[in-house]
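Please read the report below with the sequence and the 3D view side by side, and look up each part as it is named.

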Amino acid sequence: MAKLASQAPVPVFVAQGDDAPAETARLCLNSTLTIVETPRAAAILLVAGTIPASLIPNLHRLHDQLPHPRATVFWQAEPTDLLSEAVTVRNDDNLVSVLTDTRSSLLSGSHGTEADLLPDAPPNEWRGVGSHGQGGKGMMGGTPYGRPMAMTAADFRDGLELDAYTADFGPFLPMFPPGLVLTLTLQGDVIQKVSVVHLPFAGEGNAGAALLRLLGLPALAKRLLRGPSDDADFKRLIRLSGVRAAIPPGLGCAPNGSDVRERFERLTTDPGNPSKVHVDGVGLGDLLIGLEWHEAMLVLNSFDDESLRAICANTSSPELEEKNGDSMDHEGHAGHMS
Amino acid sequence: MTTLITIFLVLGLSVLFTAGLRTASGTDLADHITNPQQRPVLGGSDPKMHAWQRFHVRYYTMTLVFVAFEMEMMFMYPWAVVFVEEGPKALAEMGMFLTILSVGILYGWREGIFRWE
Amino acid sequence: MTFAPALTTLILFLAIGIWIAAILDAVFYRRISGQGGVSVLSPFYAAAAHLSRQRLTTEAPDRLNWYLAIAGYLAIATIGLAVVPFGPETAVIGIKTSVVLWGACESLVVVLVFLHGWSPNSPLALIGAYRYVAIGLPIMLLSMFVLIAAALPARSLDLRDIVASQEGLWNIIRQPLGLPLFLLLGLSLTLRGPFDYADSADLAGGTSVEDSGANRAGWQVARLAMLVGFSAIAASTFLGGYLGPILPGIVWLAIKTLILMAVVIGLSHLLARMPVARMLGLIWKFLLPIAFVDLLLAGLVALA
Amino acid sequence: MTDIAFYALSALAIWSGWRVFRVDSMIRATFALMVSFICVGGIALLMSADYIGIATVFMMAVEMMVMGLFMVMFMMNPAGLNPMQMVHQHRFSIGAGIAAFIGLTVAVLATNLPNNPLPAGRDTLHDLGVELLGGSMLIFETAGVTLLATMVGAVVLSSRPGRFGDSDAGAVPPGLQPGGQPAGRKVEKSGGHGGHGGDSSHDMNMKGAPKSDDAPHKRHGKMPEEES
């Protein structure tokens with residue numbers, strides 16, 4: 001079994017940090033790797049670039065969600081204190097071979113699987129609490145199995161007061177720009193409230209490929225990442241795929257009148273030169289609230305990095321204002337980068 | 001009778017196959033799933049509450065219209081069998097039936113039930 | 001064919017079909033993205049890789065339904081394949097109402113995919129599950145109209161009779177709108193491409209976001225099995241199933257199934273997925289009227 | 001053999017029917033009911049009523065799916081994370097259940113059921129089709145009108161947007177006592193639109209009936225009478 005399994009591409013989940021190597025987005029082009037969408041499907045957690053101190057707890061939570069046997073590889077990054085044993089790669093050239101070797105030794109057992117970083121304790125103690133020992137109280141109360149239940153709230157679409165689900169999403173979700181953490185309140189799959197917890201990292205944008213992936217065209221996304229060598233062929237495939245019809249007109253309209261459809265055209269025809277969107281005081285709330293999940297993800301991925309950071313900075317968010325100094329720092333950094 | 005036996009046999013085999021997959025993947029740590037491993041995937045964030053909720057379905061009116069419309073299928077199946085025998089009469093009758101039901105869909109469309117409410 | 005050999009044939013057909021479908025999928029993906037070749041053993045490697053990892057569950061999952069959703073999806077795919085005639089008068093499930101039985105399979109798929117997303121008690125999986133129901137239900141209407149239109153000339157709801165009625169002329173010619181509409185259902189049943197509202201990239205894998213190890217392997221196998229089952233049904237309904245010169249019937253069926261599998265996989269990699277609300281409108285306002293027209297035309301052709 | 005299958009399916013149907021009331025999760029209850037119906041469909045298959053049997057499975061799978069959506073939407077604690085009692089008026093419902101069971105059983109046993117076994121392999125579907133296009137044509141078309149009425153009714157009752165504005169504009173939940181304050185949640189700061197559960201009633205009145213000079217509580221008092 002282990003022998004067969006070591007022939008398969010290495011399933012890697014990429015946790016992208018600040019200053020991630022430019023090659024990160026193009027890792028999926030390597031046929032000895034599969035870049036998976038969820039930590040549940042990964043054998044190796046690849047940390048690319050520096051994870052800011054505020055996101056290290058998130059990295060540790062992510063790490064513990066991988067199934068055993070698992071390993072972590074840091075790529076151009078310092079291992080965190082808890083993961084000091086992990087493999088570190090500085091040189092770009094041998095990353096793939098390190099990943100392959102690590103996976104083989106995981107399968108053969110010579111590289112022991114990494115233990116949990118977080119304590120093995122439920123979010124709230126529930127065992128033996130309450131009348132049925134499940135930690136709950138009455139119908140809706142308490143923390144059954146460790147967590148409270150969602151409670152009702154008003155909805156602006158159809159007025160039914162059903163449960164609102166609030167959670168932080170990100171920073172290592174494949175459909176979010178790397179680094180972005182949003183607190184979203186959802187009713188069903190419609191976004192009711194948005195606030196920004198952590199700004200996306202500045203860096204080379206791959207919004208075009210991200211959009212294609214969201215539209216269910218991962219193969220074309222890869223082709224775009226490969227570079228615009230076979231231009232005519234690629235353009236024909238894009239046209240035939242019906243992308244224009246798939247993106248609703250007027251979705252995610254920015255003040256200068258550009259919508260997702262228009263930005264998509266520009267991102268795919270000329271990925272090297274994304275034109276800046278004039279953001280003009282628009283916040284994420286103006287763009288995302290009231291959208292269904294898929295539409296919201298399209299909007300979120302249709303901006304170049306700099307505009308998105310500006311939009312996020314415009315979004316009211318209690319957490320960010322507390323760390324104002326930190327965020328200002330990032331802004332300066334971004335200006336420096338570009 | 002054979003149909004029922006086949007269906008149950010296929011069901012049984014599928015359940016066995018899935019169970020077989022689980023047995024085949026028995027690693028040393030398979031049985032002990034720790035609390036941090038059980039946390040639902042949110043890309044590194046910690047959920048505040050259970051995901052199970054009074055989920056706000058955005059298309060519920062559509063489902064009601066769908067259930068009513070789908071009943072028509074139950075009439076269409078026997079109709080299809082005798083269609084050629086009965087000829088134009090059958091065509092006219094089903095045409096009328098479908099027209100009546102289409103009015104319901106048009107009404108729903110006009111009231112905007114195929115949107116995400 | 002007696003029962004036991006027929007069942008063995010069915011399972012072999014399914015197993016080989018799953019294997020080929022997995023390879024075809026990889027081949028198409030790599031061709032379009034412009035990458036190298038695929039090893040014929042790659043599905044086994046991938047399966048072994050899945051099975052080498054731990055099977056995780058979430059905090060308070062519905063374990064029973066999680067298990068039953070995966071096993072049930074596979075079972076429904078197999079039952080779908082079982083109504084397909086491998087030769088004249090030989091189908092593993094040979095009943096007069098096999099088209100209705102396939103309809104029941106379609107509706108159970110919606111239930112099982114929903115359960116698969118519901119069971120893990122995870123937000124992204126839950127959204128995928130509910131979204132799938134929105135599309136999975138109305139898309140069934142199209143397939144019902146199309147299948148009934150195919151049953152008209154056969155004067156029967158028995159798939160064996162439907163195949164036999166195509167002796168002179170295949171249904172794909174008699175009913176030109178039928179196959180395209182039915183392929184859309186196939187994309188939805190197998191959670192692929194433009195109809196992959198359950199397991200899509202914008203939800204990091206949707207209903208299967210929490211699947212690891214054996215669960216992930218099982219779900220992938222079931223999806224491919226459904227692709228085989230669907231393609232065989234479509235081949236029998238529109239391409240004359242086992243009919244064909246010289247070669248034995250089952251070979252013809254296999255060839256046609258393979259062609260349709262390739263078409264479904266190709267479409268899934270080449271067509272963009274639209275937001276779910278837009279798709280819902282498209283189905284009711286555009287595709288359903290087309291299905292009406294298809295039925296009307298098929299009725300007129302059958303009477304002529 | 002057929003007998004064994006019949007008893008097995010009946011036992012499974014009854015057991016899953018019983019589970020509907022014993023499980024905590026709405027989804028489990030819904031699909032336990034679906035399993036029960038599928039078993040009944042299987043029994044119909046045994047009685048050579050192929051079409052009715054399979055159609056039962058077909059329709060029930062869809063209908064239970066839709067029912068599940070609504071159950072989860074409107075029930076507290078839909079996943080049964082906290083154990084609960086699914087049955088209200090526990091003792092009464094047990095009594096009613098037993099009484100209904102005995103009543104139906106007596107009715108079945110006492111009725112002189114027709115006994116004309118079908119020859120195996122008879123195409124009942126064909127007979128059904130001829131009947132639909134012959135003697136029962138009017139019934140069939142009436143069913144169409146009934147279904148249309150169902151569709152229109154469903155849209156009217158459940159859809160909020162419409163040609164004449166939001167359906168809940170100006171609506172206020174009835175009071176708990178006659179003339180009392182409207183039931184539902186009281187929110188000081190309204191999110192704008194109210195609805196089913198009731199938002200801030202004052203705000204809703206202002207929005208729904210901008211011309212109204214009546215004091216809000218007076219209107220509330222009238223609401224139940226107006227509705228009835």
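## A parallel sheet in chain A

In this predicted model, strand β3 (residues 44-48) and strand β4 (residues 71-75) of chain A pair in the parallel sense, and the pairing extends over 5 bridges. Within this pairing, V47(A) stands opposite F74(A), which lies in β4(A). As background, the strands of a sheet pair through backbone hydrogen bonds, either parallel or antiparallel.

Both strands belong to an open sheet of 5 strands with parallel pairing, whose order in chain A is β2-β1-β3-β4-β5. The edge strands of this sheet are β2 (33-35) and β5 (87-89) of chain A, each of which pairs on one side only. From one strand to the next, the twist averages 30°. Helix α2 (residues 56-64) of chain A packs on the sheet, where it touches β1 (10-16), β3 and β4 of chain A, and the direction of this helix makes about 160° with that of β3(A).

## Chain A as a whole

Chain A has 13 helices and 11 strands, and buried residues make up 54% of its 338 residues. When contacts in chain A between residues at least 6 apart in sequence are considered, 61% of them join residues at least 24 apart.

One residue to look at is L46(A): leaving aside its neighbours within four places in sequence, L46(A) is in contact with V12(A), F13(A), V14(A), A15(A), V73(A) and W75(A).

## The largest nonpolar core

Which residues touch the most other members of the largest nonpolar core? Of the 298 residues in this core, they are V12(A), L46(A), V65(B), L280(C) and A61(D). The element that gives the most to the core is α5(C), with 25 residues.

## Where chain C meets chain B

In the contact between these two chains, 54 residues of chain C are in contact with 52 residues of chain B. On the side of chain C that touches chain B, the elements giving two or more residues are α3 (63-82), α5 (123-154), α9 (214-238) and α11 (276-303) of chain C, and the largest share, 12 residues, comes from α5(C). Sorted by class, this side of chain C has 38 nonpolar, 11 polar and 5 charged residues.

## Annotated spans in chain D

For chain D, an unreviewed UniProt entry lists residues 6-22, 29-46, 52-74, 94-113 and 133-157 under "transmembrane region". Over residues 29-46 of chain D, the chain is 100% helix and 0% strand, with the end C-alpha atoms 26 Å apart. Residues 94-113 of chain D are 85% helix and 0% strand, and the end C-alpha atoms of this span lie 29 Å apart.

Notes
Residues are numbered from 1 along each chain as its sequence is written. Chains are lettered from A and ligands numbered from 1 in the order in which they are written. This is a predicted model: local features need pLDDT of at least 70, side-chain atom pairs count only at pLDDT 80 or more; totals for chains, interfaces and linings use all residues. Two residues are in contact if their C-beta atoms, placed from the backbone, lie within 7 Å. Helices (H or I, at least four residues) and strands (E, at least two) are DSSP runs, numbered from the N terminus. Ala, Val, Leu, Ile, Met, Phe, Trp, Tyr, Cys and Pro count as nonpolar, Asp, Glu, Lys and Arg as charged, and the others, Gly among them, as polar. UniProt positions are given in the numbering used here, feature names are shortened, and annotations may be inferred rather than shown by experiment. A residue is buried if 20 or more other C-beta atoms lie within 10 Å of its own, exposed if 12 or fewer, and partly exposed in between; C-beta atoms are placed from the backbone. A nonpolar core is a set of buried Ala, Val, Leu, Ile, Met, Phe, Trp, Tyr and Cys residues joined through C-beta atoms within 7 Å. Two strands pair if DSSP finds at least two bridges between them. Axes are lines fitted to C-alpha atoms, for helices over the stretch in contact, and angles run from 0 to 180 degrees between N-to-C directions.
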